[in-house]
Amino acid sequence: MAHSATTGKTLDLFKKLLRGHGFQQFSREQNTDDNTLMRFLAAKQFDLQAACRQFEYFQKWRREHQIRHFYEELDVDAYELTRQMYPQWIGRRDRDGRPVYVFPVRYFTRDKLVEYLKLVSAAPKPASHEVSPVPAFELHFHALYENLLQFVLPLTSELPRPDMSRPVSSSTHIVDISGVSLQQWWSIRQYLQLGSTLATAHYPETLGRVFVVGAPAFFRSIWELISRWFDPGTRAKISILSSSEAKSVLLRYIDASDLPQEYGGSLEWKWKDQPSLDPAARVLVDELYHKTDRGEVFHKGPVIFQDGCIRLLGSVKGKPRRNAFCRV
């Protein structure tokens with residue numbers, strides 16, 4: 001990862017501090033790579049001690065609750081159930097190379113949430129997590145971030161973009177709140193706030209931009225309350241777009257071919273679809289698609305992309321899925 005002389009020196013000092021706290025290896029497998037460390041530093045305005053405290057908490061919590069292991073072992077269908085509840089990567093990128101996620105909040109209703117919580121609690125669990133102090137839905141929430149860190153960001157970092165000097169470290173989100181009533185907001189607010197809190201504590205600076213579209217008339221009156229969920233840095237990344245400006249602003253940041261038709265682009269992608277990878281990504285990970293009588297189907301479940309290799313993980317009917325494809 002390319003750094004200025006100043007940030008490079010700060011990163012070196014941060015590593016020295018972390019070594020004093022027992023961190024000796026710096027690699028992506030350990031979530032101690034330069035890209036991750038820089039995110040934690042940026043989140044704390046390069047305050048070394050504050051960044052160290054947050055990073056140490058993040059790593060200790062991950063080890064205690066075996067988050068990486070949970071991601072690699074969890075049931076494929078249970079993972080898919082969770083993927084369909086939260087923001088989804090559409091398989092495309094914005095003009096800066098960030099992966100684009102879409103989240104139509106109208107589908108995140110209280111009734112669907114209650115049903116999801118029941119299903120995910122009853123879903124098969126890795127043996128290591130049969131008994132866990134962390135609720136099942138929280139473990140699955142972290143699994144989605146594992147997918148971001150271990151698959152989406154590494155893959156998009158290998159693809160052409162304006163600045164190839166540093167890896168892609170954040171995502172762009174389109175949050176569609178059209179058709180959402182005040183009653184719905186009130187009924188799901190605690191879960192949305194919890195998601196924001198978990199993301200801020202464990203995955204700082206993974207949010208690049210947020211475009212809020214389809215805002216109902218009441219939204220601006222409650223935005224002051226909602227905005228308190230986010231730190232000032234995150235709030236600055238959020239743009240609330242009027243219906244008249246949404247299309248033009250989105251197209252300023254995302255090519256029409258990479259923007260779903262629903263938001264003014266030409267991409268045929270709709271909610272709950274699997275990622276529709278662009279041609280450059282298909283070259284690297286074409287094995288993620290398999291042919292069926294219904295055409296090409298994207299492999300569901302946990303996946304890791306590293307050093308040009310795809311690893312399909314998770315469990316299917318209680319049996320580990322361990323398929324790997326590498327390109328020389």
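Reader: Asp163 first. Is it buried, partly exposed or exposed?

Author: This is a predicted model, so keep that in mind. Asp163 has a relative accessible area of 38%, so Asp163 counts as partly exposed.

Reader: Which residue forms a salt bridge with Asp163?

Author: Arg166 does. The closest N and O atoms of that pair are 3.8 Å apart.

Reader: And what is the relative accessible area of Arg166?

Author: It is 37% for Arg166, which is partly exposed.

Reader: How many salt bridges does the structure hold?

Author: The count is 22.

Reader: Give me another one. What does Arg228 pair with?

Author: Arg228 forms a salt bridge with Glu224. The closest N and O atoms there are 3.7 Å apart.

Reader: Are Arg228 and Glu224 buried or exposed?

Author: Arg228 is exposed, and Glu224 is exposed as well.

Reader: Take Asp94 and Arg209. What is the N to O distance in their salt bridge?

Author: It is 3.2 Å, between the side chains of Asp94 and Arg209.

Reader: Where do Asp94 and Arg209 lie?

Author: Asp94 is in the loop between S1 and S2, while Arg209 is in strand S4, residues 207-213. The pair therefore ties together parts that are 115 residues apart in sequence.

Reader: Is Asp94 buried or exposed?

Author: Asp94 counts as buried, at 5% relative accessibility.

Reader: And Arg209, buried or exposed?

Author: Arg209 is buried too, with a relative accessible area of 17%. The cut-off for buried is under 20%.

Reader: OK, sheets now. What is the order of the strands in the sheet that holds S1 and S4?

Author: The order is S1-S2-S3-S4-S5. This is an open sheet of 5 strands, and the pairing is mixed.

Reader: Which strands are at the edges?

Author: Strand S1 (88-93) and strand S5 (238-240). Each pairs on one side only. From one strand to the next, the twist averages 20°.

Reader: How many bridges join S1 to S2?

Author: There are 3 bridges between S1 and strand S2, residues 99-104. S1 and S2 run antiparallel. Arg93 has Pro99 in S2 as its bridge partner.

Reader: How many bridges join S8 to S9?

Author: 4 bridges join S8 to strand S9, residues 309-312, and the two run antiparallel. Ile304, for one, has Arg311 in S9 as its bridge partner.

Reader: What happens in the hairpin of S8 and S9?

Author: There are 2 residues between the strands, and Asp307 takes a positive phi near 50°.

Reader: Last one. Which residues of S8 are buried on each side?

Author: Val303 and Phe305 on one side, Ile304 and Gln306 on the other. Both faces of S8 are covered.

Key: Residues are numbered from 1 along each chain as its sequence is written. This is a predicted model: local features need pLDDT of at least 70, side-chain atom pairs count only at pLDDT 80 or more; totals for chains, interfaces and linings use all residues. Side-chain values use heavy atoms; hydrogens and water are left out. Two strands pair if DSSP finds at least two bridges between them. Axes are lines fitted to C-alpha atoms, for helices over the stretch in contact, and angles run from 0 to 180 degrees between N-to-C directions. Buried means under 20% relative accessible area, exposed over 50%, partly exposed in between (1.4 Å probe, protein chains only). A salt bridge is a side-chain nitrogen of Lys or Arg within 4 Å of a carboxyl oxygen of Asp or Glu.
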